[in-house]
Amino acid sequence: MSRYRNVTILVTILFVQVLGLAVQVKRRSGADESTRIIRLWTVSAVTPLEKAIVWCQNGLGNMWSNYIYLRGVRQENRDLKFEIEQLRLEQVRLSDDAQQARRLQALLGFKEQYIAKTVAAQVIGSSGSEQSRSVYIDKGTSAGVEKDMAVITADGLVGKVLRAYGSSAQVLLINDQSSGVGVILDKSRLQGVIKGTAVGEVILEKVMTDEQVAPGDLIVTSGGDQIFPKGITVGTVMKVSPGADLFLNIRVKPSANLSRLEEVLVITRKEDRAPSVAETNSVRAVDILTQRLPSVPDKPEAGTNQPQGTESSATAAKSAIATPKPQGGAGRNNPAGSSAAQTAVKPTTQKAVHGVKRVSQPTAKPETSTPATAEPAAPETGTSEDKPH
């Protein structure tokens, strides 16, 4: 240091001078911005080191995420593939069950209410009272809104129209203590009534204590009140506790945010129609019922009496066969008697043929003789010995 003392002092002075100048001098970096030179030099000196550090971090991160962390992904992929296959089978089964349910509903003549037309409205005010939970919308009777029409949002049920005016309407929310909505638990199919409380909570009533209700169960409208269509989401079960009079205290979390309503939909028209049956190649429910039901013979027409006619034909044929032979030659001496016998023989023989098994062919016409003094004899039918002498 003693040998290069002067040079060292000079270099130190020059460095401090340059550093001072770099701190004082500014460089214009934009239209209205300027940056000190010392900042530019510092950034230029630190940038390569930062790039090296970031490159090392990225390399280590890629090695961890692409190799070490993915060592168990193969087994996870296998499990996911198996789960996907199970879900596909479940989807096919549920689809078949849904189609069968639609066919049975159509077979039994069940009808459901479908939303046919809605009117969009905007919330313009509230009731302004803690005891009443209602809002006002900007659509009224001029837009087709009437009393007791259901009001919904994309999230779920809101309430119903309490009063309708010319250009506005008052909507009673489901958390009002005077409201009531018939609902059903989507999982257990238990029915109950949704009502509000004085503090603005929503509870589910009319559910017995021996029923199984768990938090998280979905609640939808049942359609039994003839105001809200069936299947609209109301909310989920939040808390279940035993209550008085053998009923459960069930608190419900509404699916729609009733405190931050801005736009709603008013259901102005509903349709009652049977569910559509998909055109499939599977056997219909009516075909299955037809195969299982016992076969019933067709009822004969009112003007016909087939069994009695058949029985009378068979009796006539038997009596015709059992008729004794005529005595003497009376039959061969009376042409009129022969003609009457021929007329009487033909219908009896035809009835016997159609009613029972064929006995014999109709007998031939007997020969006539000139004498007309003999008495007519009963004709003989159904035998091969009925020949004129």
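This note goes through a predicted model point by point, from its helices to its strands.

1. Basis of the values. Because the model is predicted, local features are reported at pLDDT of at least 70 and side-chain atom pairs at pLDDT 80 or more, whereas totals for chains, interfaces and linings use all residues. Residues are numbered from 1 along each chain as its sequence is written, and side-chain values use heavy atoms, with hydrogens and water left out.

2. Helix H2. Helices and strands are taken as DSSP runs numbered from the N terminus, a helix being H or I with at least four residues and a strand being E with at least two. Helix H2 covers residues 37-68, and its 32 residues reach 45 Å from the first C-alpha to the last, close to the 46 Å expected at 1.5 Å a residue; the expected span is 1.5 Å times one less than the number of residues.

3. Salt bridges, and the pair Glu85 and Arg88. The whole structure contains six salt bridges, each defined as a side-chain nitrogen of Lys or Arg within 4 Å of a carboxyl oxygen of Asp or Glu. One of them links Glu85 to Arg88, with the closest N and O atoms 3.6 Å apart. Both residues belong to helix H3 (residues 73-108), where they are three residues apart, about one turn of the helix. Glu85 is partly exposed, at a relative accessible area of 42%; the classes are buried under 20%, exposed over 50% and partly exposed in between, with a 1.4 Å probe and protein chains only.

4. An α-helix has 3.6 residues a turn, so residues three or four places apart point the same way. The relative accessible areas are 33% for Glu90, 40% for Arg93 and 34% for Asp97, and each of these values falls in the partly exposed class.

5. A charge over a ring. The charged end of Lys206 sits over the ring of Phe247, 5.7 Å from its centre, the criterion being NZ of Lys or CZ of Arg within 6 Å of the ring centre and within 35 degrees of the ring normal.

6. Leu218 stands opposite Thr236 in E12. E12 also pairs in the antiparallel sense with E13 (residues 248-254), over seven bridges, and Pro242 has Leu248 in E13 as its bridge partner. E12 and E13 form a hairpin with five residues between them, and Asp245 in the turn has a positive phi of about 60°.

7. Gly196. Gly196 is found in strand E9 (residues 191-196) and is buried, with a relative accessible area of 9%. The C-alpha atoms of Gly196 and Gln177 are separated by 4.2 Å, although the two residues are 19 residues apart along the chain.

Methods:
Two strands pair if DSSP finds at least two bridges between them.
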